[in-house]
Amino acid sequence: MALYLFAGIAVSDFAGALAWYETLLGAPPSSFPHDTEAVWELAGGRLLYIVQRPEHAGHAMHTIIVDDLDKRVAEAAGRGVQPASQETYGNGVRKTTYADPEGNEIGFGQVPG
């Protein structure tokens, strides 16, 4: 059985959010389904999107598991994006969280091993 993910982030300032997520992710969106929605394909069948929905903005909490957290964090820093927090859990999982200008949280995590 194939699994797909289409994770959404509501924003009130679409243009500002678009610029911020392009900087964080290091790439322009893969597509624009309409004027106030942008989609990034992070990996096959795993998509992240922003959409202008002011009534829901600022409440997203997503974590993306990556192979090389240090590289991801360094690349974001090189583009001027700094994490809001970094932590290591008792099981060795590391997580770096970024907060967009509207308060949405986007984390990148790495599982040991």
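In which element is the place of phenylalanine 14? Phenylalanine 14 lies in helix α1. The model is a predicted one, and the values below are computed from it.

**Overall layout**

The chain holds two helices and eight strands. Read from the N terminus, these elements follow the order β-α-β-β-β-β-α-β-β-β. Along the principal axes, the C-alpha atoms occupy a box of roughly 40 × 35 × 25 Å. The radius of gyration is 14 Å, which agrees with the value near 13 Å that a compact globule of 113 residues would have. Among contacts in the chain with a separation of 6 or more, 53% join residues 24 or more positions apart.

**Surface and charge**

Of the 113 residues, 37% count as buried. The accessible surface of the chain is about 6,500 Å², and carbon and sulfur atoms account for 52% of that area. The chain carries 7 positive and 14 negative side chains. The centres of these two sets are 7 Å apart.

| Property of the chain | Value |
|---|---|
| Radius of gyration | 14 Å |
| Box of C-alpha atoms | roughly 40 × 35 × 25 Å |
| Accessible surface | about 6,500 Å² |
| Distance between charge centres | 7 Å |

**Nonpolar core**

In soluble globular proteins, nonpolar side chains tend to be buried together. Here the largest nonpolar core comprises 24 residues. Those with the most contacts inside this core are Ile9, Tyr21, Leu24, Ile50, Tyr98 and Phe108. At least two core residues come from each of β1 (5-11), α1 (14-25), β3 (37-43), β4 (46-52), α2 (69-78) and β8 (105-110). Helix α1 gives the most, with seven residues.

Setting aside residues up to four places away in sequence, isoleucine 9 touches Tyr21, Leu48, Tyr49, Ile50, Val51, Ala60, His62, Asp100, Asn104 and Ile106. Two of these partners, Tyr21 and Ile50, are also listed among the core residues with the most contacts.

**Phenylalanine 14**

Is phenylalanine 14 buried or exposed? Phenylalanine 14 counts as buried because its relative accessibility is 9%, and the cut-off for buried is under 20%. Apart from neighbours within four places in sequence, phenylalanine 14 is in contact with Phe32, Asp35, Thr36, Glu37, Ala38, Ile50 and Gln52. One of these partners, Glu37, is 23 residues away from phenylalanine 14 in sequence. The C-alpha atoms of phenylalanine 14 and glutamate 37 are 7.9 Å apart in space. Ile50 is in contact with phenylalanine 14, and isoleucine 9 touches Ile50 as well.

Terms used
Residues numbered from 1 in each chain as written. Predicted model: local features only at pLDDT ≥ 70, side-chain atom pairs only at ≥ 80, totals over all residues. Heavy atoms only, no water. Helix = DSSP H or I, 4+ residues; strand = E, 2+ residues; numbered from the N terminus. Rg over C-alpha atoms; globule rule 2.2 N^0.38 Å. Buried < 20%, exposed > 50% of the residue type's maximum accessible area, 1.4 Å probe, protein only. Contact = heavy atoms within 4.5 Å. Areas by Shrake-Rupley, 256 points an atom, 1.4 Å probe, with all protein chains shown as cover. Lys, Arg positive; Asp, Glu negative; His and termini not counted. Charge placed at Lys NZ, Arg CZ, Asp CG, Glu CD. Core = buried A, V, L, I, M, F, W, Y, C linked by side-chain atoms within 4.5 Å.
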